[in-house]
Amino acid sequence: MAEKYIDLHMHLDGSITVEIAKNLGELQGITLPSQDDEELGRHLYVPEECESLNDFLNCFGLPLALMQTEKGISEAVRLVADNVQAQGVIYAEIRFAPQLHMRKGLTQEKVVLAALDGMKKTDLKCNLILCCMRGDDSAEGNKETLELAKKYLVKDGGVVAIDLAGAEALYPTSDYEELFREAASAGVPFTIHAGEAAGADSVKLAIEYGAARIGHGVRINEDPEVVELVREKKIPLEMCPTSNRMTKAVQNMKDYPLMDYLDKGIVVTVNTDDMGIENITLADEFDYLEKYFGFTDEHRKTVLRNAVGAAFTTEKVKADLIREMKL
């Protein structure tokens, strides 16, 4: 039986493969840097000499350029969803920042509606997470993103949560307290990228603000109190091994703490983050853990059960996923 997976942390712009880029270029009459797969890959994939999260974030230029029209955004969502479904993913939460798709005159609302349109065209069971962005001039855009999340929020089958993404080391989580206090009071679920480029304190703040999950959280082991907080409150971590290796969130992967977190009873999930620019699949992530960390079938089941429990969806959908994966 083919393996089945759940991906809770997957960026739309980071999931554009060479093939998807070619499709989006042809659809919109956009000339790509090359039609040769290997050469185009050099424009899409993160180089091995990537030094930091900031270097990693520079690789999103081409994917974003292909998603500045309603047609491009809708088709990108459909193609990405179909692609991961073909790889064994049976449920995914696709995240994107509406404010990054406005270069050709779209409003944030039109971006969201285009993404919802694309979601309806795939057979994959999926939902959308709207990303707010860290940055000097993102405050107004973030407020609008939150308002759209309130407007379109559903329990399943659409926008199910918000997130905070971007250069974590440059723009601390503390800068966004007001935004997430408002989200919490409005009943909008959220996850926050934390404990990746910044340390354990950013995770502590995210939990304090009401985050239901933590994007990455790999660096919580820098503070035993935060480890205990995450364990005690059963806050799921959306861990992404290949991404953490590439961004140097962990300097030496021999020290990668995923197995230690699992042993401590922390709710660990395994995800791709940016499968397109990393040139991986979710199956590759699980294989990597098995090869280098002694990750067993029991660990796999635990991580997948954790992902079901952490998903921003209904109890019925969760029960269906458990049944389909025979967990």
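**The second largest pocket and its surroundings**

A: In this predicted model, the second largest pocket is lined by Gly135, Asp136, Ser138, Ala139, Asn142, Lys143, Leu146, Asp175, Tyr176, Glu178, Leu179 and Glu182. By class, the lining holds 5 charged, 4 nonpolar and 3 polar residues. Two helices, H7 (139–152) and H8, each supply at least two of the lining residues. H7 has the largest share, with 4 residues.

H8 covers residues 177–185 and contains Phe180. At 0% relative accessibility, Phe180 counts as buried, the cut-off being under 20%. Phe180 is among the members of the largest nonpolar core that touch the most other members, along with Ile162, Ile214, Ile220, Val230 and Leu258. That core has 102 residues, and helix H5 (residues 70–86) gives the most to it, with 7 residues. In general, nonpolar side chains tend to be buried together in soluble globular proteins.

Beyond its neighbours within four places in sequence, Phe180 is in contact with Ile162, Asp163, Leu164, Phe190, Ile192 and Tyr209. Phe180 and Phe190 form a tilted aromatic pair, with 4.7 Å from centre to centre and 50 degrees between the planes. Phe190 lies in the loop between H8 and strand E5 (191–194), so the pair ties together parts that are 10 residues apart in sequence.

The structure holds 6 aromatic pairs. In another of them, the ring centres of Tyr5 and Phe286 are 5.1 Å apart and the planes meet at 45 degrees, so this pair is tilted too. Tyr5 is in strand E1 (residues 5–11) and Phe286 in helix H14 (residues 282–293), which puts the partners 281 residues apart. Tyr5 counts as buried at 5% relative accessibility, and Phe286 counts as buried at 1%.

The largest pocket gives a point of reference. About 350 Å³ of space lies in the largest pocket. It is lined by 22 residues, and those closest to its centre are Leu57, Phe60, Leu100, Met133 and Gly166. The lining of the largest pocket divides into 13 nonpolar, 4 polar and 5 charged residues. Helix H3 (53–57) and strand E3 (125–133) each supply at least two of its lining residues, and H3 gives the most, with 3.

Terms used:
Residues numbered from 1 in each chain as written. Predicted model: local features only at pLDDT ≥ 70, side-chain atom pairs only at ≥ 80, totals over all residues. Heavy atoms only, no water. Core = buried A, V, L, I, M, F, W, Y, C linked by side-chain atoms within 4.5 Å. Buried < 20%, exposed > 50% of the residue type's maximum accessible area, 1.4 Å probe, protein only. Contact = heavy atoms within 4.5 Å. Phe/Tyr/Trp six-rings, centres within 6.5 Å; stacked < 30°, edge-to-face > 60°. 1 Å grid on protein atoms, 1.4 Å probe; cavity = no way out; pocket = protein on both sides within 12 Å on 5 of 7 lines; lining within 4 Å. Points joined across faces, edges and corners; volume = space filled by probe spheres on them. Nonpolar A, V, L, I, M, F, W, Y, C, P; charged D, E, K, R; others polar.
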